[in-house]
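This short report is written for a reader meeting the structure for the first time. Please look over the sequence and the model before reading on.

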Amino acid sequence: MSSTTATTSTSENLQPSTKLVQPYVQTSLTEVTDILPIKPPCRVFFKNELEQPSGSFKLRGIGHLVHKSIENAIANHPTKKIHVFASSGGNAGLAAAYLAYFYKVKCTVVLPVISKPVVQEKLRSYGAEIILFGNTINEADKHLKNLMNSIDLDSIYPVYCHPFNNPLIWDGHSSLVDEVCSQLGPEELGSLKGMVCSVGGGGLYNGIYQGMKSNKVSGDILLIETKQAPTLSESIEAGDVITLKSVNSMATSLACSYTTKQTLQYYHDNSVVQSKLELIDDIDALRACVAFSKCCKKTVEPACGAALSVAYNKIDLLYKNFGHLQPSDIVVVVACGGSCATDQDLATFEQIIRKSDTKL
Ligand SMILES: Cc1ncc(COP(=O)(O)O)c(C=O)c1O
């Protein structure tokens, strides 16, 4: 993805001459090979997207969308007030609210009434207006769209942030791969066998796929989905994008009822990048969250744990999906982050794991 050079910060009165700073930060790429509880067959690195100021990789893609929208507003509608709208009760909503705070524009987030208090608090801390409506994201989103239909378009420039389904979002996520390439350098990049990421609606995967293609990185992408939210697996089986009637996974941020069409197309296009998909159980995602907190002293939510499980408790998936790995080969696991779990939740995950172990 091409990036804009940061020359100035933003202000309440965005001028046509204003050059916008990119909102996301370069995250660290750390080798964890020697600190994992089970010795992996190759070198394993974590791309630490939990370091993004909003708590997850979502800041890259939604940041790019908001960035481009503001540039357009400044150039073509300089008198209008920019207003960001989102309906995600999770990390996409947090990214949208953080972006509005960062660019000093207004933000409204409509959330289902059951949204986690920790997310509501964070949204408020970014100064977003919060409206609790409906029981599902779809109901909240409908309400948001009604709200957007009633705004005065002569004075307001609305920026609607879908959580994953927008090519600008994928373009923004692809910056993650640009960074991995420059952080590894040409020699180590030659040893890269692939990347691992979790999949919900498919935005993150689309970005990684595009980034690997544009950087001419040969390697595989291993996608991890939970059995409790098998959205992509069912679409692959059906040969078309399907919509699940209900999705009930503890990896709440992966519980999307559909994926993007592009996700399915990329999955089947093996011309440069080979994509593979594995289903794990929710409990495996929880196990990885607990292991990550012990190993790296950071709290992440199960959506991130899903990908991390490949490094901790589902290491067999590395052997299965990356062929004959040599000790010098490299696999990068995207630690995508997420703010929807607290330390209290981690303690609950440990109890759930203990109960499940005693049942065995
Ligand atoms: C922490 C985290 N990981 C992974 C995902 C999945 O991303 P996508 O919906 O782009 O597939 C999400 C989506 O909300 C998320 O918040």
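Which element gives the largest share of the shell around the ligand? The answer is α7, with 3 residues, and the sections below set this within the rest of the model, which is a predicted one.

## The shell around the ligand

The ligand is surrounded by 24 residues, and the closest of them are N91, G200, G203, S253 and G338. Two or more residues of this shell are given by each of α2, α7 (203-214) and α11 (302-308).

When the residues of the shell are sorted by class, 11 are nonpolar and 11 are polar, while 2 are charged.

## Between two domains

Domain 1 is made up of residues 29-56 + 166-353, and domain 2 covers residues 58-160. Because both domains give residues to the shell around the ligand, the ligand lies between them.

## Helices α1 and α2

Helix α1 (residues 58-76) and helix α2 (residues 91-103) have axes that come within 9 Å and cross at roughly 45°. The crossing in which α1 passes α2 is right-handed.

On the side of α1, the contact is made by K58, L59, I62, G63, V66 and I70, and on the side of α2 by N91, A92, A95, A96, Y98, L99 and Y103. Sorted by class, the residues of this contact are 10 nonpolar, 2 polar and 1 charged. N91 of α2 takes part in this contact, and N91 is also among the residues closest to the ligand.

Notes. Residues numbered from 1 in each chain as written. Predicted model: local features only at pLDDT ≥ 70, side-chain atom pairs only at ≥ 80, totals over all residues. Axes fitted to C-alpha atoms, helices over the stretch in contact; angles between N-to-C directions. Helix = DSSP H or I, 4+ residues; strand = E, 2+ residues; numbered from the N terminus. Left-handed = near helix turned anticlockwise from the far one by under 90°. Contact = placed C-beta atoms within 7 Å. Nonpolar A, V, L, I, M, F, W, Y, C, P; charged D, E, K, R; others polar. Near = placed C-beta within 6 Å. Domains from an automatic or database assignment.
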